Amino acid sequence: MQQTQAHSPGRGRDPFIDVIRALCVLAVISQHWLMPVLAYENGHLSTGNALASPGWWIVTWLTQVMPMVFFAGGAANFFSFRSVKSVNTWLRSRIARLLVPVIPLAAVWLLLPHALIGAGVPEQPVLMAGKIAGQLLWFLAVYVLVVALTPVMFTLYRRYGWRVIGVLAVCALVVDVLRFEVGSAIGFVNALFVWLAAHQLGFHYADGGLRMRSGWASAGLSAVGFGLTAAAVFFGPYPASMIGMPGAPVSNMSPPTALMLSLTIGQLGLWLTLRPVITRFAERPMATAVLQWCGTRFMTLYLWHMPALVMTAGIAIVGLGFSTPTPGSPMWFAVAPLWVGVSGLFLVCFTRMFGRFEFRRRSAASEMGLGKVVLAAVLSAGGLLGLAAQGFISPGNPIGPVLWVTLVLAGLLVVRERNAPRTAVAQGARTVPVQSAGRQEGARVLAGQGSG
């Protein structure tokens with residue numbers, strides 16, 4: 001089966017990447033909604049994980065889609081970045097687009113837990129909800145840093161090609177050795193090495209370097225990736241589950257291990273095998289409409305799907321005394337569609353209310369110095385990581401969540417778009433097309449000079 005590109009690499013949108021992004025968001029939402037095993041008694045909400053059921057770890061090899069999220073992000077960033085006129089303007093616009101949807105989430109969740117407790121809702125489930133609402137912001141924190149490093153990684157890609165991924169993989173393995181032999185804290189460095197490598201694979205796809213001559217070649221790539229993953233689990237110190245499990249001494253995701261790289265290869269090969277089918281599906285009018293709708297709301301769907309779950313659980317578990325059936329039982333399968341359906345209704349409502357922050361009309365971003373862009377990325381990433389670790393409410397440190405939100409807001413204010421006069425922008429911005437500037441522009445980025 002011959003695999004062909006839908007269009008010339010790097011020109012315009014790629015429906016294959018759009019489908020991957022949409023299905024990955026759907027997989028993240030579905031897994032997070034179906035994982036919890038919840039019960040409520042005497043003011044205490046107990047939690048478990050359905051994927052901790054015996055043998056269910058194999059499901060996570062397909063449903064842990066963060067490798068493909070970063071891969072798709074890399075391809076999308078490559079398509080966008082290779083033709084920009086100003087590196088700093090591109091960074092400014094990209095970071096602002098990522099941060100704006102966080103503001104309504106923070107505004108709601110800094111106040112809502114206190115209001116619920118004040119209204120008499122038991123404190124323990126409210127504290128858990130406040131933590132869950134911020135937990136998934138780890139992805140956005142890492143992605144902001146990955147976006148900020150895109151100009152550097154683009155230059156390295158042009159200069160060294162596949163060797164960049166090789167170096168990142170070796171670094172990830174070294175970090176794992178130190179993590180298992182010295183201390184676990186150093187493992188968080190892999191949040192950059194691992195996800196930058198997946199992001200870099202997106203560069204190679206967007207530039208045509210991952211075109212397979214046949215479906216057998218991509219299927220072979222998938223077999224190699226999953227085979228390496230299986231070998232590392234069987235012979236090495238890595239757990240079989242690709243998500244963190246309650247009570248497990250090691251997690252492959254928090255922080256990520258080098259095993260995520262072999263999983264990335266396995267999943268990527270599988271997606272490339274299905275690429276002809278996916279691109280034909282994406283050309284259908286209904287699929288195109290859905291992809292366009294999702295494309296302007298990806299961040300909103302991601303940020304608000306856990307609050308939607310909190311609403312469902314609050315009503316069913318805390319309010320009505322319902323408990324999650326035994327995972328895998330007939331009752332669990334019978335209830336799952338209703339559980340997902342109710343959560344989906346809440347998510348649709350949240351998307352209608354808050355999606356406007358993501359797809360609102362924006363004016364063209366003006367030029368900004370590289371130092372300010374870097375400052376915005378560091379401030380916002382630090383605030384997002386703080387919220388992911390602590391949540392939106394912390395009895396032991398009530399000022400903490402406010403501080404983290406302030407850092408995110410400060411980062412957004414640094415890169416906010418101003419309505420500068422056209423003449424000032426034209427005179428102040430010295431823009432050079434990335435594609436035509438080639439390696440000279442990349443050298444300036446590496447030297448910290450930017451393009452402004």
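This is a predicted model: local features need pLDDT of at least 70, side-chain atom pairs count only at pLDDT 80 or more; totals for chains, interfaces and linings use all residues.
Tutor: Helices (H or I, at least four residues) and strands (E, at least two) are DSSP runs, numbered from the N terminus. Residues are numbered from 1 along each chain as its sequence is written, and side-chain values use heavy atoms, with hydrogens and water left out.

Student: How many helices and strands does the protein have?

Tutor: The secondary structure comes to 22 helices and two strands.

Student: Where is proline 255 in that numbering, and what kind of peptide bond joins serine 254 and proline 255?

Tutor: Proline 255 is found in the loop between α11 (215–235) and α12, and the bond that joins serine 254 to proline 255 is cis, with omega at about 0°.

Student: What makes asparagine 42 count as buried or exposed?

Tutor: The relative accessible area decides, since buried means under 20%, exposed over 50% and partly exposed in between (1.4 Å probe, protein chains only). Asparagine 42 has 75% relative accessibility and therefore counts as exposed. This residue is found in the loop between β1 (36–41) and β2 (44–49), and asparagine 42 has a positive phi of about 55° although it is not a glycine.

Student: Why is histidine 204 called buried, and which residues is histidine 204 in contact with?

Tutor: Histidine 204, in helix α10, has a relative accessibility of 3%, and therefore counts as buried. Contact means heavy atoms within 4.5 Å, and, if we leave aside the neighbours within four places in sequence, histidine 204 is in contact with Tyr157, Gly161, Trp162, Ile165, Gly209 and Leu210. For the protein as a whole, 50% of the 452 residues count as buried, and residues 24 or more positions apart account for 81% of the contacts with a separation of 6 or more.

Student: Which residues of helix α13 are buried, and how do you know on which side of α13 they are?

Tutor: In α13 (residues 275–282) the buried residues are Arg275, Pro276, Ile278, Thr279 and Ala282. They cover an arc of only 165° around the axis, and therefore they are on the same side of α13; the arc is that of the directions from the helix axis to the C-beta atoms. What covers these buried residues includes α1 (15–34), α10 (190–206), α12 (259–273) and α14 (285–295).

Student: At what angle do α3 and α12 pack, and what is that arrangement called?

Tutor: Helix α3 (residues 66–81) and α12 pack at an angle of about 70°, with their axes 9 Å apart, and that makes α3 roughly perpendicular to α12. The name follows because angles under 35 degrees count as roughly parallel, over 145 as roughly antiparallel, 65 to 115 as roughly perpendicular and the rest as oblique. The contact is made by Pro67, Met68 and Phe71 of α3 together with Met260, Leu263, Thr264, Gln267, Leu268 and Trp271 of α12. By class, the contact has seven nonpolar, two polar and no charged residues, where Ala, Val, Leu, Ile, Met, Phe, Trp, Tyr, Cys and Pro count as nonpolar, Asp, Glu, Lys and Arg as charged, and the others, Gly among them, as polar.

Student: How many disulfides does a search of the whole structure find?

Tutor: The search finds zero disulfides, where a disulfide is a pair of cysteine sulfur atoms within 2.5 Å. As for accessibility, cysteine 294 has a relative accessible area of 14% and is therefore buried, whereas cysteine 349, at 43%, counts as partly exposed.

Student: What makes valine 108 count as buried, partly exposed or exposed, and what does valine 108 touch?

Tutor: Valine 108 lies in helix α5 (residues 102–118), and, at 28% relative accessibility, valine 108 counts as partly exposed. Not counting residues up to four places away in sequence, valine 108 touches Trp304 and Phe354. Valine 108 and phenylalanine 392 are 284 residues apart in sequence and 9.6 Å apart in space, C-alpha to C-alpha.

Student: Where is arginine 297 found, and how do you know whether arginine 297 is buried or exposed?

Tutor: Arginine 297 is found in the loop between α14 and α15 (298–319), and arginine 297 has a relative accessible area of 14%, so this residue is buried. Arginine 297 and glycine 355 are 58 residues apart in sequence and 6.0 Å apart in space, C-alpha to C-alpha.

Methods
Axes are lines fitted to C-alpha atoms, for helices over the stretch in contact, and angles run from 0 to 180 degrees between N-to-C directions.
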